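My notes follow in the order I took them.

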Amino acid sequence: MPATTVNSLPNELLLSVFESVYGLEDSSSAYSTLLSTAQVCRRWGSAAAKVLLSNVEITRREDALRLIQLLESSASTTADERDQPYVESLTVGLGGCNEPQLLDDQLFLRLLSLTPRIRKLNILHQNSLPCLPTQLPSLPFLSYVTIAPAGGAPAAMAETTLIQQLPSSVRFLNLPATERTRFVEPAKAACPPAFQLYGLECQDFPSPSTNWVLGNSGESLQSISAVYFSKLAAAAESHPNIRSVRVLGRLSNQAAKEGFSKFERLERVEIRDLSAQPALLDTLPSTARYIRFWATPLAGKLTQLVASGRFPDLKTVVWDHFTPAMKGPAAERMGAVMQQMKNKLQEVCDLHGVRLKMAERKDGGLRAGLGKDHAYEASFHDSCFQFKNESVPSTSSITSLSKLPSRVLRHMQCDQVQIGPHFNAISPVMDGVPGKWPAIWEDVFEGHGQWLESTLPTLKVDAVVGMKIPGSFPL
């Protein structure tokens with residue numbers, strides 16, 4: 001029996017190996033690794049090209065033109081569509097007339113016309129109307145969209161026109177910006193976007209703009225994440241199928257009083273509000289399967305509820321705990337109490353078959369100890385499609401990743417493009433004040449700021465396009 005070598009691996013397995021590079025390294029390092037891998041031979045070059053082009057992060061005009069040329073040439077020279085590289089995930093940085101080095105709306109539209117099979121689109125824009133297109137090409141597979149201002153003075157209608165043009169296939173929408181960037185004109189208010197969302201992530205909920213965005217998503221919405229919730233009961237009544245509520249900042253007094261009792265299908269809840277009281281957990285329905293919290297007083301109450309069998313389907317508990325750095329007898333007593341609470345919660349969770357994950361919060365207790373549970377997140381998103389009897393999109397592992405748009409931000413910084421304070425405040429390279437990223441930006445772009453803080457200073461501006469590799473496609 002001949003020995004198995006790398007060269008004997010089928011193309012599908014070789015492609016899977018190259019895709020896994022993205023899961024092990026940050027995106028810029030992954031680009032460098034795959035570019036080096038592509039130099040080995042023609043077969044590896046073709047496989048690496050497909051992976052490199054499946055997840056594109058681009059902001060510079062000249063790079064976009066090279067990419068467009070590459071996509072046009074590969075489409076005309078490759079007979080078998082299965083062998084053509086195509087973009088599944090696209091992150092772009094858009095600028096207005098004052099940022100000529102960035103992509104403008106026309107170049108962005110041209111790029112979109114060549115990437116009809118994208119499933120994930122991240123747009124970082126300079127918050128001006130001229131840089132955002134008013135009409136999008138057909139994108140029938142687009143499911144995940146993030147629209148985020150990267151800097152500049154806010155334009156009240158910079159995002160609403162683009163949101164209204166999104167295709168009906170969009171199911172998850174992230175809008176990590178304040179309300180002033182999404183003023184909804186009266187004429188548009190009566191004409192909400194065509195899509196039916198499964199998940200929305202935003203700054204404030206509910207608000208006039210979220211009411212407009214969700215105009216056709218009353219029955220479909222299953223997940224809502226927001227920094228500030230002013231109401232909970234009204235959200236449950238307007239969207240009876242919500243299965244996940246994530247409080248990334250705090251609850252209003254009214255929302256805290258209302259609690260979660262009206263969410264009859266609630267499976268996941270995350271509460272980062274440090275002022276949350278134990279009574280809030282009493283309002284959770286018995287359907288809860290995943291509970292994550294920050295406030296120490298909630299630990300004792302949750303221990304009681306789990307011990308009583310209140311949540312028969314509970315599978316996971318995550319506690320982002322924090323013990324202030326103090327010295328002396330008082331600090332020792334506090335540490336002993338905290339340890340006792342952890343031990344008790346662990347004992348109860350073990351007894352009821354619940355997985356407990358604990359992590360110390362960072363930066364004085366202001367930042368989560370753990371990032372998102374990617375496996376749970378991917379599973380939950382798939383279940384949202386299944387819940388509505390819609391086929392789960394067939395995607396590669398690339399599409400499920402949502403690392404920070406490091407290359408786009410790095411290029412903007414190197415080109416001295418104005419970057420908003422939400423990005424300026426996270427990197428020692430920029431202003432030396434790490435750990436101040438607003439909650440919504442931490443969550444949408446993941447890593448809770450730490451990944452970019454540690455990586456951005458050492459990233460290389462390594463252009464992906466414009467480089468020759470020995471394969472079917474000249475990168």
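I started at phenylalanine 260. Leaving out residues up to four places away in sequence, I find it touching Leu232, Val245, Leu266, Val269, Ile271, Leu280, Thr283, Leu284 and Pro285. Contact here means heavy atoms within 4.5 Å.

Before going further I noted the ground rules. This is a predicted model, where local features need pLDDT of at least 70, side-chain atom pairs count only at pLDDT 80 or more, and totals for chains, interfaces and linings use all residues. Residues are numbered from 1 along each chain as its sequence is written, and side-chain values use heavy atoms, with hydrogens and water left out.

**Core.** I looked up the largest nonpolar core, which has 84 residues. Such a core is a set of buried Ala, Val, Leu, Ile, Met, Phe, Trp, Tyr and Cys residues joined through side-chain atoms within 4.5 Å. Buried means under 20% relative accessible area, exposed over 50%, and partly exposed in between, with a 1.4 Å probe and protein chains only. Leu90, Leu200, Val245 and Phe260 touch the most other members of this core. In soluble globular proteins, nonpolar side chains tend to be buried together.

**Whole chain.** I count 18 helices and twelve strands in the protein chain. Helices (H or I, at least four residues) and strands (E, at least two) are DSSP runs, numbered from the N terminus. Of the 475 residues, 53% are buried. Among contacts between residues at least 6 apart in sequence, 67% join residues at least 24 apart. The chain exposes about 20000 Å², and carbon and sulfur atoms supply 53% of that. These areas come from the Shrake-Rupley method with a 1.4 Å probe; for residues, only the protein chains shown count as cover.

**Strand β8.** Is β8 enclosed or open? Six of its eight residues (244-251) are buried, so the rest of the structure largely encloses this strand. I then checked its neighbors. Strand β7 (residues 223-229) runs parallel to β8, joined by six bridges. Two strands pair if DSSP finds at least two bridges between them. Isoleucine 224 has valine 245 in β8 as its bridge partner. Strand β9 (residues 268-271) also pairs with β8 in the parallel sense, over four bridges. There, arginine 246 is partnered by glutamate 270 of β9.

I traced the crossovers next. β7, helix α9 (residues 233-238) and β8 form a right-handed β-α-β unit. β8, helix α10 (residues 253-258) and β9 form a right-handed unit too. Right-handed means that, with the strands pointing away from the viewer, the path from the first strand over the helix to the second runs clockwise.

**Strand β6.** Six of the seven residues of β6 (199-205) are buried, so this strand is largely enclosed by the rest of the structure. Strand β5 (residues 172-175) pairs with β6 in the parallel sense over four bridges. Six bridges join β6 to β7, again parallel. Aspartate 204 stands opposite tyrosine 228 in β7. From β6 the chain crosses through α8 to β7, a right-handed β-α-β crossover.

**Serine 209.** I found serine 209 in helix α8 (residues 208-213). Serine 209 counts as buried because its relative accessibility is 2%. It touches Glu179, Arg182 and Val184, not counting residues up to four places away in sequence.

**Cysteines.** How many disulfides are there? The count is zero, taking a disulfide as a pair of cysteine sulfur atoms within 2.5 Å. Cysteine 349 is buried at 0% relative accessible area. Cysteine 384 is buried, with 0% as well.
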